[in-house]
Amino acid sequence: VVEAMAMERPIIATNAGGLPEIITNGKTGLLIKPHDATAVAWAIHRVLSDAALRSSLGHLAREEALKRYDFDNCVDALLGSLATL
């Protein structure tokens, strides 16, 4: 999911596991209920039929991926957490 975000792709994912911690529903992707085929179809239709939404989701997802998962930022956060031990 993070790789797709970094590639500026709109994300449709289930609201399960760790995905809600990565994706902000309606901002960096669309989260849907697990095992809900109707929700999957609705989300796909919504993304394909709304170019502005598709662009916004992809753009904001990329910004979030670069901010939160950038290598240097992750190393700095890890080193910072080790320093407090």
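**Legends to the close-up views**

**View 1. The whole protein chain and the order of its elements.** The secondary structure of the protein chain in this predicted model amounts to five helices and two strands, and read from the N terminus these elements follow one another as α-β-α-β-α-α-α. The radius of gyration is 15 Å, well over the 12 Å given by the globule rule for 85 residues, so the protein chain is more spread out than a compact globule. Along the principal axes, the C-alpha atoms fill a box of roughly 50 × 25 × 15 Å. Of the 85 residues, 22% count as buried, while the accessible surface comes to about 5700 Å², with 59% of it belonging to carbon and sulfur atoms. Among the contacts with a separation of 6 or more, 42% are accounted for by residues 24 or more positions apart.

**View 2. I12 and its contacts.** I12 lies in strand β1, which spans residues 12–14, and its relative accessibility of 32% falls between the limits of 20% and 50%, so I12 counts as partly exposed. When neighbours within four places in sequence are left aside, I12 is in contact with L30, I32, A43, I44 and V47. The C-alpha atoms of I12 and V47 are 8.7 Å apart in space, although the two residues are separated by 35 residues in sequence.

**View 3. Packing of helix α4 with helix α5.** Helix α4 (residues 51–69) and helix α5 (residues 71–83) pack at an angle of about 40°, and their axes are 6 Å apart. On the α4 side the contact is made by L66, K67, R68 and Y69, and on the α5 side by F71, N73 and C74. By residue class, the contact of α4 with α5 divides into four nonpolar, one polar and two charged residues.

View 4. E64, K67 and R68 are linked in a network of salt bridges. E64 pairs with K67, their closest N and O atoms being 3.5 Å apart, and R68 pairs with E64 at a closest N and O distance of 3.4 Å. Within helix α4, E64 and K67 are three residues apart, about one turn of the helix, and R68 and E64 are four residues apart, again about one turn. E64 counts as buried at 13% relative accessibility, whereas K67 counts as exposed at 55% and R68 is partly exposed at 34%.

**View 5. The salt bridge of D36 and K33.** A search of the whole structure finds three salt bridges, one of which joins the side chains of D36 and K33 at 3.8 Å, N to O. K33 counts as exposed, with a relative accessibility of 54%.

Conventions
Residues are numbered from 1 along each chain as its sequence is written. This is a predicted model: local features need pLDDT of at least 70, side-chain atom pairs count only at pLDDT 80 or more; totals for chains, interfaces and linings use all residues. Side-chain values use heavy atoms; hydrogens and water are left out. Axes are lines fitted to C-alpha atoms, for helices over the stretch in contact, and angles run from 0 to 180 degrees between N-to-C directions. Contact means heavy atoms within 4.5 Å. Ala, Val, Leu, Ile, Met, Phe, Trp, Tyr, Cys and Pro count as nonpolar, Asp, Glu, Lys and Arg as charged, and the others, Gly among them, as polar. The radius of gyration is taken over C-alpha atoms; the globule rule is 2.2 Å times the number of residues to the power 0.38. Buried means under 20% relative accessible area, exposed over 50%, partly exposed in between (1.4 Å probe, protein chains only). Accessible areas come from the Shrake-Rupley method with a 1.4 Å probe; for residues, only the protein chains shown count as cover. A salt bridge is a side-chain nitrogen of Lys or Arg within 4 Å of a carboxyl oxygen of Asp or Glu.
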